[in-house]
Amino acid sequence: MFTKIVPELRIYKRHLFLDCKYYKAIFKILSTVLKAVRDFLYSRGFIELIAPIVAPVTDPGIRLAREFTVDFYDEHAVLTTSVILYKLASMKIHDKVFFIAHNIRKEPERINDFTRYLSEFRQIDLEMAHASREQVMKLSEELLIYVISVVKRERRDELELLGRELKVPHRPFKVIRFRDAVELAKEAGYGLEETGELSTEAEVYISKLHKEPFWIIGFPPEARGFYYKKKNDEELLDMDLLYPEGFGEAASGGEREVDPKRVRERMIETRVNPRKYIWLFELLYSGIPPCAGIGFGLERLMRYITGVKEIIDVIPFPKAPGYLGI
Ligand code: ASN
């Protein structure tokens with residue numbers, strides 16, 4: 001099987017392996033997933049937009065990752081780490097928008113770990129005006145159930161070749177509060193990251209305790225991006241979706257802070273310099289509706305659907321942290 005080839009070769013010599021039957025099956029599933037996502041969101045009244053890859057500023061709420069900088073003529077530019085700022089701006093265009101956006105993040109190099117991080121990855125990122133966290137959670141559950149059902153129906157041979165027995169989850173998914181998730185992790189001897197987040201190992205541990213996808217809600221305000229709205233001083237109106245069976249994080253999102261004064265406070269709280277975000281403040285002062293949204297990692301969704309162990313194998317041309325490839 002293709003996983004017997006060392007990962008470095010699978011990245012740098014990918015062009016020589018694309019015709020292997022496993023890759024062909026995986027990339028056919030990828031195409032079905034993309035179409036199913038679009039079909040579902042269009043049927044719910046969403047419009048699809050496209051986002052830039054080069055920008056003056058980007059989302060700083062990206063945990064341990066950093067930004068890549070670019071020399072854009074004489075202007076300092078960065079590669080977009082997420083589409084969140086453009087989702088907020090798009091609320092001026094339509095009240096339900098989605099992007100299948102490229103995200104580029106300088107993740108810490110993970111030598112010999114090709115399981116769950118890519119430096120270039122995509123997010124199925126949607127945003128809804130006047131929506132609550134709970135409404136986005138319901139829509140996300142329906143989206144996931146729809147996509148899995150379509151893949152099971154249309155890609156039976158490919159799933160069989162990969163040895164994946166995929167189950168359609170049942171909604172509503174279980175909801176765990178962040179502080180209870182921390183207790184679960186601590187009981188098993190896992191700590192928190194410096195950022196106040198659950199470590200990847202803790203996340204995998206909690207994921208392994210589950211047989212169906214589940215939510216963790218209410219992360220601490222200092223741990224997550226300035227664009228999330230606070231419920232109170234202890235928690236945000238945000239959520240993560242996790243896959244079961246040890247597959248870990250699926251998506252994150254929440255209700256947005258759209259009051260420019262409170263966004264400024266959230267920036268200070270999360271150690272972000274408000275002066276860098278001039279266009280965002282102009283946007284907020286000009287007025288956007290309250291909104292909420294979520295972003296699903298496309299490659300992590302693919303990993304869950306295919307059951308493939310290493311994330312470098314779920315897309316044709318992977319960029320793993322520290323491994324440029326072709
Ligand atoms: N996509 C996330 C959201 O909608 C943001 C992110 O990726 N950092 O909240």
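This is a predicted model: local features need pLDDT of at least 70, side-chain atom pairs count only at pLDDT 80 or more; totals for chains, interfaces and linings use all residues.
Residues are numbered from 1 along each chain as its sequence is written. Local features need pLDDT of at least 70 and side-chain atom pairs pLDDT 80 or more, while totals for chains, interfaces and linings use all residues, and side-chain values rest on heavy atoms, with hydrogens and water left out.

The ligand is surrounded by 13 residues, of which D59, K87, Q123, Y228 and R256 are the closest; a residue belongs here if one of its heavy atoms lies within 4 Å. By class, this shell holds three nonpolar, five polar and five charged residues, where Asp, Glu, Lys and Arg count as charged, Ala, Val, Leu, Ile, Met, Phe, Trp, Tyr, Cys and Pro as nonpolar, and the others, Gly among them, as polar. At least two shell residues come from each of the strands β6 (120-129), β10 (248-255) and β11 (291-297), strands being DSSP runs of E with at least two residues, and helices runs of H or I with at least four, numbered from the N terminus.

Elsewhere, V37, I124, L143, L144, V147, F296 and L301 line the largest cavity, a set of points on a 1 Å grid over the protein atoms alone where a 1.4 Å probe fits but cannot get out, with lining residues having an atom within 4 Å of a point. Helix α4 (residues 133-154) gives the largest share of that lining, three residues, and the lining comprises seven nonpolar, no polar and no charged residues.

Note on methods: On a 1 Å grid over the protein atoms alone, a cavity is a set of points where a 1.4 Å probe fits but cannot get out, and a pocket is an open set with protein on both sides within 12 Å along at least five of seven lines; lining residues have an atom within 4 Å of a point.
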